[in-house]
Every structure is written in C-alpha cells, then in structure tokens.
Amino acid sequence: MEYRRLGRTELEVSLVSLGTGGPSRFGQDRGTTPAAARRLVRRALDHGVNLFDTAQGYGDSETLLGQALDGVPRDEYLIATKVSYRDKDERVIAPDEVSRTIDRALRRLDVDVIDVMQIHGLQDEHYDEVIERHLPVLKDAQAAGKIRFIGVTERFTHDPGHDMLRRAIADDHFDTLMVGYSLLHQGAERTVFPAAQAADIGVIIMIAVRRALSIPERLREVIADLVERGQLPDDAVPADDPLGWLVRGDVTSVVDAAYRFVREHDAVDTVLTGTSRPEHLDANVAALLRGTLPASDQRHLREIFGHLEEALGN
C-alpha cells in the first residue's frame, strides 16, 4: 500500500480508502450480513487500507463497520464519519442534534474518538447557517476529545462547480474535504486542488468510478448525450466504445484507467472505493497501486473532458 499525508491533520492515510456509502451502502442494498461486512473490512486491512469512511445517513453502516473492526488494534485504522446537517424535511437541524449524532456515532462505531467528523453534503445555500450553528458544536466535541479533526463533503450532483468547497477552503474552517473528481469531471483540478494545497487541507476523492465508468451502456449514454448537446465534438471518442482506447498495456479495463487517473494529482491524499465484494476490492486496490496512466493518455483525457463542468459519473 502507498500512504500519503492527509494535509495538516498529519495523518498518514492509505491511498485507497474503503467507503460504506455509494450504490451498495456497504452491501446493505444487496442483503449483506455482519459476517460479510467483516470479511470485506478484514480484506481491506490485509491490503493495508487504514481509512474507513462512513456516515449517519448510510443506514446501518456505522454499526456494521464498528462490528467489523472489533478486535483490531485502534492504532491500525482511522475512522471518518459524517453528520447529516438536515432533517427529513430538508431543514437544518438544531445544534443539540449534531451533538447527539456525534455521541451516537461513537456508540455505533464502538470507539472512543472519531478521527474525522465531516459535515455531510453541505450545500452552498446552507453554508452560512451551518457554519454559525453547527461548527461550534463540532469544535466543542473536538475540545472534549470526541473527534480529532473536522471535515466537510460536498453534494456533488448539486454543485458541480464546487462552490461550497471553494468557500470552505477560503474560510479555513475544515481540516479535510471530500470532493467529486473523475476523468469525466476534472474541474476540481482548477477550482479546488490548488487552494486546498495552499491551505494544507486534506483531500479525499469520491465518485472516481460510478456507473458511467463501470457500465459500458451507461458510458455510451453519457457520451451520446454530451455530443447531442454540443458539449463534445462528434468525433471526440468512438461512440460504441468511448474509452476503450485506454485499455492497453498494463491498463486492464476502463475502471482500472479511471482509478489510475485520479491518483495522479499531487493534491489527492486518498481515493474512496465502495464495494460489497472482496474480489471487487482486490481489483480496485490493484488499479490504484499500479501507477499512473501514460502521460499521453492523461493529456488526451484532459483535452477531451477537461472543460466539462457537469456532474458526470452516476
């Protein structure tokens, strides 16, 4: 495993981190069991993965993860979880509910301290209110030793220009940020990464691979739509196999190429992969550790997709 410094937290995190959300939510949407979740987590640990990301809003993921890590020495793994800042009616929750969420996460994960507590999917229109009402609660929990560092994640599908993260970086409230970034959506290279590096904020990558890069039919649909709307020239990529040209040499698949693309930037500290299957995890780890794509392919991907400012990937 390769390890990178997570910004000013000084935590050494594995390049590959295991997420418990995404389409399968740690396998919950596919009928997982605590035993299956444990096998997956132990496989990740065997690979050298040391960062596990979960959330209040991922069903029973916190509990499943806590059970899966039972018996593992606490200094062998790092936990990042999230507080949902809105209720089911889309209203910003009261500060005391944030405090209760932190205590509930500690119980579910069965840990004494959470390494990174993140505000989940913060939208720009709620930014000021959340900073005013919730950030002091997180700071108090940090002072009390319940959490070590404070982070924020974006709602990528609603904020493809990363407006919220740009504000968060400028205000310097957070130690880490989670950003949507893929070979189809490269805007973070311009708007987020340089500023995060200057502020020494840790960068966690999400949505490196979702349906558009793992399901050929979905990728064809995305490319056809971009061409139809004039976002890509007709001849930008082959219509029938848009990214097949990447698969050659030691690049084994489009998914392999997609993971290798996102690991390249100096600002990237760790890349989330979410799965319920150990063999799938094996392949994703292998891709991220295989090294970067050929420089010519990186350049070509930026020439084709680098200008796009849409939330592509799902």
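Helices (H or I, at least four residues) and strands (E, at least two) are DSSP runs, numbered from the N terminus. What you're looking at is a predicted model, so local features need pLDDT of at least 70, side-chain atom pairs count only at pLDDT 80 or more, and totals for chains, interfaces and linings use all residues. Residues are numbered from 1 along each chain as its sequence is written, and side-chain values use heavy atoms, with hydrogens and water left out.

The protein chain has 13 helices and 10 strands. Its radius of gyration, taken over C-alpha atoms, is 19 Å, close to the 20 Å from the globule rule (2.2 Å times the number of residues to the power 0.38) for 314 residues, so the chain is as compact as a globular protein of that length. The C-alpha trace spans about 55 × 40 × 35 Å along its principal axes.

How much of the chain is buried? With buried meaning under 20% relative accessible area (1.4 Å probe, protein chains only), the figure is 53% of the 314 residues. As for contacts, meaning heavy atoms within 4.5 Å, take those between residues at least 6 apart in sequence: 78% of them join residues at least 24 apart.

Now to the strands, and I'd like to start from E10, residues 270–274. Four of its five residues are buried, so E10 is largely enclosed by the rest of the structure. Which strands does it pair with? One of them is E3, residues 16–19, which runs parallel to E10 and is joined to it by four bridges. In that pairing, Ser17 has Leu272 as its bridge partner, and Gly19 has Gly274. Strand E9, residues 202–206, also pairs with E10 in the parallel sense, this time over two bridges. There, Ile205 stands opposite Val271.

Terms used
Buried means under 20% relative accessible area, exposed over 50%, partly exposed in between (1.4 Å probe, protein chains only). Two strands pair if DSSP finds at least two bridges between them.
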